[in-house]
Amino acid sequence: MTAYIARRLLQMIPTMLGVVLLLFVLFNWVGGDPAYILAGKNTSDAQIANIRHQLGVDRPAYVQIGIFLKQIVTADFGASWSTNEPVSDILKTRLGPSMTVMLPMMVLGVLLAIALSLIVARFHRSLTDRAVMVACTVGMSVSILVYIIVFQYVFAYRLGWFPVQGWSDSLWTNLTTYAALPILIGLCVGLAPDLRLFRSFVLDEIDQDYVRTARAKGLSETRILWVHVLRNAAIPIVTFVMAALPGLLVGAFLIERFFSIPGIGREVLLAVERSDFPVIKAITVYVALATMLANLAADLIYKAVDPRVELK
Amino acid sequence: MAAMAKAFHFPMSATVAVNRGNGFWSLAWQRFRDDRVGVVSLVIVAAFFVVVFLSALGVIASGWNEEVAIPDAPPDLWGLLKPAPPMAMESAAQRAAQRMGKEPSLEPLLPSAVMDPLAETLARLRGESDVLPESRVVDPLAETLRTLGAGDELLTTTIEKRMSLPFGGDRWGRDVLTKTIKGSQTSIIVGLTAALLATFLGTLLGALAGYYGHRTDDALNWFYSVFNAIPYLLLILAVAAVLQQRGVVTVILILGLTGWTGVFRLVRAEYIKHRGREYVRAAHAFGVPNRRILFFHILPNVSHVVLVNVSILAVGFIKAEVILSFLGFGVAVDEVSWGSMLNDAHRELILGRWWELLAAGGAMALLVTAFSLLTDAMRDALDPKIRVAS
């Protein structure tokens with residue numbers, strides 16, 4: 001087990017170096033000289049040379065990659081190009097609001113989708129089942145933008161049930177007032193795809209021998225579904241949820257943008273608009289790292305949920 | 001199970017006898033034709049493509065940028081709907097604006113709507129200037145204002161604007177229906193082209209990795225894992241930040257160059273499966289060059305996987321393009337897509353104008369629903385194993 005984890009962690013190193021290289025190529029070559037972007041429009045050659053020296057872009061590529069690696073390890077990406085706030089501070093302060101919205105959204109969404117998929121599984125191959133699936137397909141086809149625009153308009157502007165946008169310093173106020181509508185929207189948007197997926201996981205189990213045995217024993221259908229089937233369907237569900245976890249860090253870009261939630265997603269959008277490269281680079285690197293760790297964790301949990309799985 | 005296999009086996013041999021050569025595809029087509037949902041979705045998707053084709057040729061919707069009606073012309077659905085009188089619309093808009101606690105700042109900037117906030121002061125000053133000629137105030141904007149006023153009269157007398165449109169007008173008075181058609185053209189062309197680009201890249205790399213294995217596979221797998229480590233939307237935004245230019249080609253490049261990983265994984269797995277098969281080994285023994293085996297022998301056998309993936313990617317990319325354009329990282333300002341329409345519609349909805357949102361959102365939902373159902377039907381028709389299992 002320890003050897004497995006160690007090997008997996010070692011395997012991450014080349015991938016991580018690849019991510020660093022990709023970002024380096026993107027931001028230093030594809031995007032043009034960073035010094036010109038930072039300097040703005042009216043600058044002299046001396047100023048450009050000065051900025052190039054400060055950024056280190058006048059040095060050879062391997063030195064620059066070394067600087068980038070050092071920044072990642074020490075978590076010190078310098079200051080944002082547009083607000084001069086240290087990038088590490090930006091990451092720290094934006095993480096909380098993103099989590100406040102995303103964690104409840106994720107937990108509630110998964111529980112709701114599991115419950116509904118087990119209920120729908122009872123009506124398998126019936127008209128209800130078909131109708132629910134068609135509704136899911138239609139629901140998935142409506143743009144997330146339309147959900148946000150309509151929900152914000154109806155529930156905030158028109159009915160006034162929720163504030164249109166805003167954020168406070170208290171976690172409780174945020175959860176009960178400001179995050180409520182974003183969470184509701186997230187649930188509605190996520191439900192259709194999750195339900196479709198989880199339903200297919202449940203249906204994979206429902207024709208298995210152990211289900212027939214349980215029925216033959218005379219167990220109630222409710223017990224079969226919620227105890228026997230759920231335990232087995234949990235394996236792919238857990239894998240799916242773990243794979244979705246890193247997405248929490250980035251938050252929901254659009255929801256944060258519409259509701260002015262000071263989270264990471266909104267920060268990314270702002271950084272892209274302002275060509276604030278250090279912020280984008282830092283967020284991308286750490287989210288990539290988190291993604292790889294989450295994948296490892298998913299495999300370990302996979303093993304824990306299903307003892308038959310062999311870790312190679 | 002055995003009965004099913006038998007039932008399945010019988011028509012296959014029957015068709016092959018009739019239709020030699022393309023047995024797989026004609027069988028798939030037969031299965032597809034039995035799927036009513038699939039056929040209906042195919043018709044809808046095909047209708048969208050015809051509209052896009054005509055619009056790309058300039059036969060329809062070429063005048064989407066013309067201001068053919070009054071600003072925010074209400075929808076009348078060719079007379080079926082009685083449009084609300086403009087006055088009522090205005091008061092509804094004001095109410096909505098007050099609710100927001102903001103000024104109704106979205107007043108259209110048409111010449112006919114230009115109001116001079118200083119007009120009253122100006123008139124008073126002019127009046128006073130008659131009494132006190134020596135302290136006469138010279139208004140630097142007077143000349144401009146006069147010409148603007150003149151232009152205003154000219155516009156209102158020469159151009160006749162419609163009071164309502166079938167699907168309503170936007171805040172410049174452009175026809176929402178025409179705009180939606182032009183927007184479909186952009187969104188669908190971007191989605192399809194990007195899907196083809198991504199599928200091409202993914203298939204090429206996947207074929208090389210799966211067929212050659214060893215070092216090639218290791219290198220390409222590393223490349224894949226790098227792209228896969230970064231969450232997709234974040235990767236797209238990072239590339240969008242770097243590419244400063246906005247436009248259709250940029251969006252296609254962003255989506256196509258980042259979206260190939262899924263196809264790569266599937267095609268690679270298929271090639272690993274096929275490289276040990278007898279027909280490949282036989283071709284090898286004949287001395288057929290690797291390049292030919294890769295793309296002429298194996299590729300036709302995995303083409304159904306590739307085809308289904310183009311379809312899945314196109315749906316995903318159409319959705320992604322809409323989000324990118326909405327955020328302003330997509331199409332240029334002089335182009336229109338469903339995303340930029342939703343951006344306009346968002347601001348209009350606050351003033352109570354819902355029709356552009358309905359048109360753009362509805363057109364997109366219809367196409368994406370049909371496309372998704374078509375993809376499902378295609379997958380079922382192309383994969384006989386799934387058919388037998390279910």
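Residues are numbered from 1 along each chain as its sequence is written, while chains are lettered from A and ligands numbered from 1 in the order in which they are written. Because this is a predicted model, local features need pLDDT of at least 70 and side-chain atom pairs count only at pLDDT 80 or more, whereas totals for chains, interfaces and linings use all residues.

Confidence is considered before the architecture. The predictor's confidence in each residue is called pLDDT and runs from 0 to 100. Chain A averages a pLDDT of 83, and 96% of its residues score at least 70. Within chain A, confidence is lowest in helix α2 (residues 34-39), with a mean of 69, and highest in helix α10 (residues 209-216), at 89. Where pLDDT is low, the predicted coordinates should not be read in detail.

Helices and strands are DSSP runs numbered from the N terminus: a helix is H or I with at least four residues, and a strand is E with at least two. By this account chain A contains 15 helices and 0 strands, and chain B contains 16 helices and 0 strands. Along the principal axes, the C-alpha atoms of chain A fill a box of roughly 85 × 60 × 35 Å.

A residue is termed buried if 20 or more other C-beta atoms lie within 10 Å of its own, exposed if 12 or fewer do, and partly exposed in between, with C-beta atoms placed from the backbone. Buried residues make up 32% of the 312 residues in chain A and 36% of the 390 residues in chain B. Two residues are in contact if their C-beta atoms, placed from the backbone, lie within 7 Å. Of the contacts with a separation of 6 or more, residues 24 or more positions apart account for 68% in chain A and 75% in chain B.

The two chains also touch each other: 34 residues of chain A are in contact with 35 residues of chain B. Several elements of chain A give two or more residues to this side, among them α1 (2-30), α14 (264-273) and α15 (277-305). The largest share, 8 residues, comes from α1(A). By class, the side of chain A that touches chain B has 24 nonpolar, 10 polar and no charged residues; Ala, Val, Leu, Ile, Met, Phe, Trp, Tyr, Cys and Pro count as nonpolar, Asp, Glu, Lys and Arg as charged, and the others, Gly among them, as polar.

Within chain B, helix α7 (residues 176-212) has 37 residues and should span 54 Å, at 1.5 Å a residue; its end C-alpha atoms are 53 Å apart, which agrees. The expected span is 1.5 Å times one less than the number of residues. Of the 37 residues of α7(B), 27 are buried. Just after this helix, G213(B) takes a positive phi of about 60°. H214(B), in helix α8 (residues 214-229) of chain B, has a positive phi near 50° although it is a residue other than glycine. H214(B) counts as exposed because it has 8 C-beta neighbours inside 10 Å.

A381(B) lies in helix α15 (residues 355-382) of chain B. A381(B) is buried because 23 other C-beta atoms lie within 10 Å. A381(B) and W29(B) are 352 residues apart in sequence, yet 7.1 Å apart in space, C-alpha to C-alpha. Leaving aside neighbours within four places in sequence, A381(B) is in contact with A28(B), R31(B), F32(B) and D35(B).
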